[in-house]
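Visitor: I have a model open and want to go through some local details. Can we start with a helix and move on from there?

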Amino acid sequence: MRWNRRHLITLEELSLQEIETIHRIATVFKKSLGKHEKKLPYLVGRTIVNLFLEPSTRTRMAFEMAAKRLSADVVSFDAASSSTTKGETLRDTAENIQALNADAIVIRHAAAGSPLYLSKLLGIPVVNAGDGAHEHPTQGLLDTFTMREHLGTLKGRKVVILGDILFSRVARSNVHALLKFGANVTLVGPSTLVPRTFEHMGAKVSHDLRSALADAEVVMLLRIQHERQNSSLFPSLGEYTSMFGLNKTRASWLNPNAIIMHPGPINRGVEIDSELADGDRSVILEQVTNGIAVRMAVLFLCSGGQPAQVLGDEA
Amino acid sequence: MPSLWIANARVIDPANRRDDVSDVFVHEGKLVSSLPATARKRARKIDGTGLVACPGLVDIHVHFREPGQTHKETISTGSRAAAAGGFTTVVCMPNTSPVADNAGTIQFINDAIRRDAVIKVHPTGCITVGMKGQALAPIGSLKRAGVVAITDDGDCVQANELMRRAVEYAKMFDLPVMDHCQDHSMTQGAVMNEGEMSMRLGLRGWPNAAEDIIVARNVILSTYTGAHIHMQHISSRNSVEILRRAKSRGVNVTAEATPHHIALTDSLLGTYDTNLKMNPPLRTEEDRLEIIRGLKDGTLDCLATDHAPHTDYEKDKEFDFAPNGILGLETALPVTLQTLVGKHKFKLPYVIDLWTRKAAQIVKLPVGSLSEGAAADICLFDPDEVWRYDAKNGFSKSSNSPWHGQDLRGRVKYTIVDGRIVFENGRIV
Ligand SMILES: [Zn+2]
């Protein structure tokens with residue numbers, strides 16, 4: 001196929017075929033990661049700007065590494081010292097970055113919809129690295145990539161996403177991607193964090209951990225945020241852990257071959273016991289590595305690369 | 001001032017149950033049944049063929065931003081936008097900067113109205129000092145300075161005891177208390193309706209329940225005190241139901257609906273267009289249909305625009321950070337005609353009643369009819385003309401409208417205030 005998208009804003013808008021193409025290219029790129037000569041020449045001479053207006057170390061680092069492995073130059077825009085804290089608008093900041101001759105922008109922003117807004121303003125590719133509670137498409141891509149590495153096909157597989165779904169962009173992107181692959185997705189957690197409205201997306205919603213985990217082949221945990229502890233969404237971290245934390249007993253309800261995932265950073269002892277996070281069913285660190293390969297594929301394609309350049313005749 | 005002779009128009013005057021093709025005469029600023037012979041000769045004659053002549057429209061909910069935010073709108077520009085929309089009387093909200101919580105500010109606003117307004121503009125005052133919801137504003141002095149109602153619109157008095165005392169106190173002056181019904185604790189950070197769309201878009205939701213709770217509270221307080229409480233811009237189906245039951249028991253409450261809440265829903269928000277961001281937010285189709293039912297059965301008393309101008313650069317932001325509100329005055333009549341008459345088969349005189357007599361009644365203003373001897377406030381419009389609305393070329397200082405660039409059916413041709421033509425075929429006279 002030919003790749004026709006300049007931006008990556010959501011997984012909702014991608015077709016299954018597009019997601020599979022990204023995965024196939026990521027597979028090729030992943031093979032280059034362990035080698036001594038790590039750099040591929042696809043983005044030589046390009047400059048990619050990481051516009052991170054909300055703090056995130058791991059996603060920013062993964063995008064940076066991905067860009068560098070494709071031989072691009074990377075400039076990171078740090079939220080703390082940025083002009084946006086001095087009242088400059090997002091439009092002005094982005095137009096300045098474009099005027100500085102950047103070739104692509106990777107944006108992380110606390111406001112949902114801001115990557116879409118930028119993509120309409122700018123003539124250069126915009127890649128969404130997480131917008132508020134809306135989407136985090138590269139996370140959804142690397143998560144489904146990791147699942148496919150372990151399970152092969154995802155069709156008919158039972159995938160459970162457990163935790164703070166309401167405010168999770170990771171959950172939304174994963175639900176969109178998983179449903180396109182034909183997986184059965186169950187969202188679990190307290191009713192205040194997992195409202196029934198998610199059924200409109202095509203996922204199942206459950207507040208019963210036992211039946212949800214029964215025979216699941218993937219369980220993806222989401223970070224429970226400390227700062228919400230004081231709000232009215234749930235009583236306490238302790239209560240959350242006692243009701244919904246993944247421990248050894250609860251993990252025994254899973255399918256014996258199930259994998260345990262987490263987009264990080266992990267609250268050890270809150271959403272997951274340390275033993276399980278480090279155990280042999282955990283693929284948490286593989287997710288991190290796959291994040292580089294998948295982001296290489298996304299940056300390559302959005303910068304005008306074509307699948308055939310990487311995949312040859314199989315494209 | 002020359003006399004006016006509007007000939008051959010469809011004259012719709014719901015206050016007098018009039019709907020016929022005939023002539024309207026204006027002499028010395030007043031409506032008359034016929035012109036004296038000499039005046040008849042010199043009268044300015046307007047051919048009303050194919051047009052509707054009705055009382056000048058009345059909007060009891062506009063934001064003119066003066067004093068303090070005159071980069072968005074002024075009494076001058078706002079009143080011109082109103083005239084272009086067929087309005088001859090509007091009531092402006094007190095959430096200016098500073099807020100209108102004292103007689104001095106009302107005096108300032110009244111001076112600006114006298115100096116700059118091309119139509120009749122009436123101010124409102126705040127319920128609480130600084131609109132902070134903590135202490136009663138000097139409501140008696142505000143009344144003496146000329147306000148027609150009090151409201152903390154844009155905000156909502158949260159403390160029930162304070163609201164109870166406010167309505168009790170205002171009742172002494174026969175002043176309606178208008179309320180923007182919103183429970184703050186349930187709408188922290190909310191930028192759109194809570195529901196399927198907010199879930200999909202990852203935006204914070206504003207649940208209907210936060211409106212319903214305050215509407216119910218106000219019904220209870222009105223029942224208890226007998227005071228008149230008017231609910232602004234009703235957006236939720238349950239609120240309509242609560243009001244319907246209250247009215248059937250004779251509780252002294254009234255309510256308004258906006259053109260945007262009857263024409264649009266939150267399903268349009270997929271592009272994060274900030275010209276669809278308002279408070280209360282656009283709701284679902286079920287809410288929209290119930291509001292229309294409420295207008296039909298009289299549960300909702302009138303229409304009002306909540307005209308809320310913001311500059312392009314203020315709206316040109318991430319959805320979370322853009323201000324709430326849209327323009328309404330220049331599109332109000334066509335949008336309501338299209339929605340209510342066109343799609344929902346309301347009778348035209350009924351819709352005009354919602355914009356004239358019934359609106360005026362809420363704030364007890366002696367306008368909204370074509371009665372003989374009344375001030376000659378008239379709107380003449382072509383109900384069938386299709387035109388493209390260009391918000392950037394409108395009369396408002398701002399252009400934040402979801403109808404920008406769209407074709408609308410129904411166009412105001414003349415607006416007449418006290419017998420003087422102030423708007424004629426696209427121009428302020
Ligand atoms: Zn309001």
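Visitor: Which residue caps the N-terminal end of H2(A)?
Guide: This is a predicted model, and in it the cap is A:Ser56. A side-chain oxygen of A:Ser56 lies 3.4 Å from the backbone nitrogen of A:Thr59.

Visitor: What span should helix H2 of chain A have?
Guide: H2 of chain A covers residues 57–69, and at 1.5 Å a residue its 13 residues should span 18 Å. The end C-alpha atoms are 18 Å apart, so the two values agree.

Visitor: Which of its residues are buried?
Guide: In H2(A) the buried ones are A:Thr59, A:Ala62, A:Phe63, A:Ala66, A:Ala67 and A:Arg69. Viewed down the axis of H2(A), they fall within an arc of 165 degrees, so they line one face of the helix.

Visitor: And what comes just after H2(A)?
Guide: A:Ser71 is found there, with a positive phi of about 70 degrees.

Visitor: Switching to chain B. Where are the cis peptide bonds?
Guide: One joins B:Ser97 and B:Pro98, with omega about 5 degrees. Another runs from B:Asn279 to B:Pro280, with omega near 0 degrees.

Visitor: Which loops hold those prolines?
Guide: B:Pro98 sits in the loop between strand S7 (87–92) and helix H3 (103–116) of chain B. B:Pro280 is in the loop between helix H9 (259–263) and H10 of chain B.

Visitor: What is the phi of B:Met131?
Guide: The phi of B:Met131 is positive, about 55 degrees, although the residue is not a glycine. B:Met131 belongs to the loop between strand S8 (120–123) and helix H4 (139–145) of chain B.

Visitor: Is B:Met131 buried or exposed?
Guide: B:Met131 has a relative accessible area of 12%, so it is buried; the cut-off for buried is under 20%.

Visitor: What about B:Asn425?
Guide: B:Asn425 has a positive phi near 45 degrees, and is likewise a residue other than glycine. B:Asn425 lies in the loop between strand S18 (420–424) and strand S19 (427–428) of chain B. At 45% relative accessibility, B:Asn425 counts as partly exposed.

Visitor: New topic: how many cavities of 30 Å³ or more are there?
Guide: A search of the whole structure finds one. The largest cavity holds about 30 Å³ of space.

Visitor: What lines the largest cavity?
Guide: Its lining includes B:Ser235, B:His261, B:Asp287 and B:Arg288. Helix H10 (residues 285–296) of chain B supplies the largest share of the lining, three residues.

Visitor: Last one: what confidence values go with this?
Guide: Chain B has a mean pLDDT of 97, and 100% of its residues reach 70 or more. For the complex, the predictor gives an ipTM of 0.94 and a pTM of 0.95.

Conventions: Residues numbered from 1 in each chain as written. Chains lettered and ligands numbered in written order. Predicted model: local features only at pLDDT ≥ 70, side-chain atom pairs only at ≥ 80, totals over all residues. Heavy atoms only, no water. pLDDT = per-residue confidence, 0-100. Helix = DSSP H or I, 4+ residues; strand = E, 2+ residues; numbered from the N terminus. Expected span 1.5 Å × (residues − 1). Buried < 20%, exposed > 50% of the residue type's maximum accessible area, 1.4 Å probe, protein only. Arc of directions from axis to C-beta. Polar contact = N/O pair within 3.5 Å; in protein donor to acceptor, adjacent residues only side chain to side chain. 1 Å grid on protein atoms, 1.4 Å probe; cavity = no way out; pocket = protein on both sides within 12 Å on 5 of 7 lines; lining within 4 Å. Points joined across faces, edges and corners; volume = space filled by probe spheres on them.
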